[in-house]
Amino acid sequence: MSVIIEPFRIKVVEPITLHTRAEREEFLKRAGYNLFGLAAANVTFDLLTDSGTAAMSAAQWGAMMVADESYAGSRSFLKFESVVKDLTGFRHIIPTHQGRAAERILAQIMVPRGAVVPSNSHFDTTRANIEHNEAEALDLVVAEGTDTASSYPFKGNIDLDRLEAVCSERRASIPFGMLTLTNNTGGGHPASLENIRGCARVLHSHGIPFILDACRFAENAYLIKVRETGQAGRRVTDIAREIFRLADGCTFSGKKDGLVNMGGFLALNDDALANRARELLILTEGFPTYGGCAARDLEALAVGLEEVLDESYLEYRLATVRYLAQGLNRAGIPTVQPPGGHAVFIDARRLLPHIPPDQYPGHALACELYLAGGIRSCEIGSVMFGRRDEHGAFQPARLELVRLALPRRVYTQSHVDRIIEICAEVAARTGTLRGMEIVEAPSCLRHFTATFRPVAARPAMPVS
C-alpha cells in the first residue's frame with residue numbers, strides 16, 4: 001500500500017480536552033514544571049510513555065469478561081502461562097504486576113553488592129534496581145548508538161568486543177548479562193539477530209546467564225525482519241521465538257508489547273532461581289498464579305502477546321513512528337536516526353545548543369512543547385541520567401533527548417499531523433527558550449517527582 005492505514009476500526013472514543021496556553025502555564029507551574037505531575041485531563045497529546053497506554057482490542061476486552069479470578073490455580077493463569085511458554089520457550093513463567101517488579105525480584109535474587117551487570121543500555125528502573133543493591137549497571141552499546149545522526153540500522157547492538165573484555169576481566173562479579181530490546185535509552189533502536197546471537201555466545205562461553213529486557217520484543221523482531229540481511233522471508237513470530245530461545249530468561253513489561261494497561265512477568269529456565277523468585281513473589285506481589293495481577297489482566301495479556309505479532313499491525317506501528325520523524329525532520333528538528341520502534345527522539349542538544357547540559361535542555365524543550373500545544377513528552381537526558389561525581393562535579397548524560405512515545409492504537413494520522421505542527425512552531429523560536437533548574441529531587445529516579453523552575457533570564461548588557 002502507498003498509504004499504510006491503521007489495521008483496525010475504532011469503536012470506542014474518549015474526548016480530548018483543549019486548553020489555552022495561559023491555562024497550561026498555570027497547570028505546569030502547579031506541577032512544579034514536571035510533566036509527570038500534570039493531570040492527564042490537562043494534556044492534549046499524551047506522549048509521555050507508551051507503557052500501559054495502549055488501546056485494547058475487542059478480543060482482549062472479551063477475554064477479560066470470562067476471566068477466572070480464583071486465588072490459586074486460575075484457569076486464566078494456565079492460559080497465560082501456555083501462551084508465554086509457547087512464545088518464549090522458558091520453563092518458569094512468574095507473573096508480576098509490571099516489568100519493574102520483575103526487575104526488582106531478579107535483582108534481589110541475583111545481584112549482590114559489588115556486582116556488575118553489562119547490557120547494551122539499561123533503562124531507568126532496570127538501572128535503579130541494580131544500583132539500589134550497590135552494584136554497577138554497565139552500558140556497552142556500540143559507538144553508533146551514541147551518534148544520533150548516524151543511519152546505522154542496529155544502534156541497539158551491544159559492543160561484543162567490550163563485552164568479551166568485561167567478561168574476561170570481571171567474570172567473578174557478573175551474575176548475568178542483559179540486552180534491552182529495543183534500546184529505549186538511545187532512541188528505541190533494535191539489536192540485530194546476529195548481535196543477539198553474538199551476545200549469547202560471549203556470555204555462555206564464560207558461563208554467564210543471558211537475560212533479556214524484552215518489553216519491546218515484537219518491534220525489535222519486526223525491525224530485524226525489515227533491516228537485517230537474510231531475515232526478510234521469515235515470520236516475525238519465528239524471529240521472536242529465536243530471540244527468546246537464545247536467552248536464559250527475561251523480564252517483561254506487558255504494558256509495552258503486551259498491549260495491556262497492567263501486567264508483566266519474569267521468565268527463567270533455572271529451577272533454583274525460579275523457586276527463589278516465587279518466594280519473593282508471594283512475599284511482595286501475590287500467589288504465583290496471579291502475581292499482583294487480576295486474572296482479567298492475564299487474559300488480556302495472553303491475547304495481546306498474540307495480537308502484537310500480527311505483521312500488519314507492526315507495519316502500521318513502525319510507519320507511524322517513521323511518519324512523525326520525517327515530519328519533524330522536514331521542519332528542521334533533528335531526531336535520532338533512523339526512526340526506531342516505539343517513539344521519536346528529538347535531539348535537544350542539537351536543537352538547543354545555547355542551553356548547557358546542567359540547565360537540562362531536554363526538559364526545557366519538553367516543557368515548551370506542553371505550553372505550546374499540550375504535548376506531554378519525556379526527557380531522556382541529564383535529568384534522567386545525569387550524575388554528580390564524588391567531588392560534586394556535574395556529569396551530563398551522553399545524550400540529551402526528548403522522547404515522543406506513541407501509545408499503541410490510540411492516535412490517528414491527523415493527531416500526528418497536529419503534533420508535527422506544534423513541534424515546528426516551537427522549533428521556529430528555539431532561541432527564546434531558557435533552561436531549567438532543579439528545586440527539589442529525590443535521590444533515586446528523580447525525573448518522576450523532582451520539581452523545577454525556569455532559569456532566570458540574564459540581565460540585558462548596558463549600552464555604552
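Student: Which side chain does the side chain of threonine 148 make a polar contact with?

Tutor: This is a predicted model, to begin with. In it, the side chain of threonine 148 makes a polar contact with the side chain of aspartate 347, at 2.7 Å.

Student: Where is threonine 148 found?

Tutor: Threonine 148 sits in the loop between β4 (136–139) and α6 (160–170).

Student: Is threonine 148 buried or exposed?

Tutor: Its relative accessible area is 8%. Buried means under 20%, so threonine 148 counts as buried.

Student: What does threonine 148 touch, leaving out residues up to four places away in sequence?

Tutor: Threonine 148 touches Lys155, Thr335, Val336, Gln337, Asp347, Arg350, Leu399 and Leu401. Asp347 in that list is also the partner in the polar contact.

Student: Switching to strands. How many bridges join β5 to β6?

Tutor: There are 4 bridges between β5 (residues 177–180) and β6, and the two strands run parallel. Glycine 177 stands opposite phenylalanine 210 in β6.

Student: Which residues of β6 are on which side?

Tutor: Phe210 and Leu212 are on one side of β6 (residues 210–213), with Ile211 and Asp213 on the other. These residues are all buried, and both faces of the strand are covered.

Student: What lines the largest cavity?

Tutor: The lining consists of Asn34, Leu35, Phe36, Leu48, His363, Ala366, Ser377, Cys378, Glu379, Val383, His447 and Phe452. The elements giving two or more residues to it are α14 (361–373) and β11 (378–380). By class, the lining divides into 7 nonpolar, 4 polar and 1 charged.

Student: And what is the volume of the largest pocket?

Tutor: About 1,400 Å³. It is lined by 38 residues, of which Val12, Glu14, Ala55, Arg409 and Val410 are the closest to its centre.

Student: Which helices each supply at least two residues of that lining?

Tutor: Both α2 (58–65) and α12 (311–330) do.

Key. Residues numbered from 1 in each chain as written. Predicted model: local features only at pLDDT ≥ 70, side-chain atom pairs only at ≥ 80, totals over all residues. Heavy atoms only, no water. 1 Å grid on protein atoms, 1.4 Å probe; cavity = no way out; pocket = protein on both sides within 12 Å on 5 of 7 lines; lining within 4 Å. Nonpolar A, V, L, I, M, F, W, Y, C, P; charged D, E, K, R; others polar. Points joined across faces, edges and corners; volume = space filled by probe spheres on them. Buried < 20%, exposed > 50% of the residue type's maximum accessible area, 1.4 Å probe, protein only. Polar contact = N/O pair within 3.5 Å; in protein donor to acceptor, adjacent residues only side chain to side chain. Contact = heavy atoms within 4.5 Å. Pairing = 2+ DSSP bridges.
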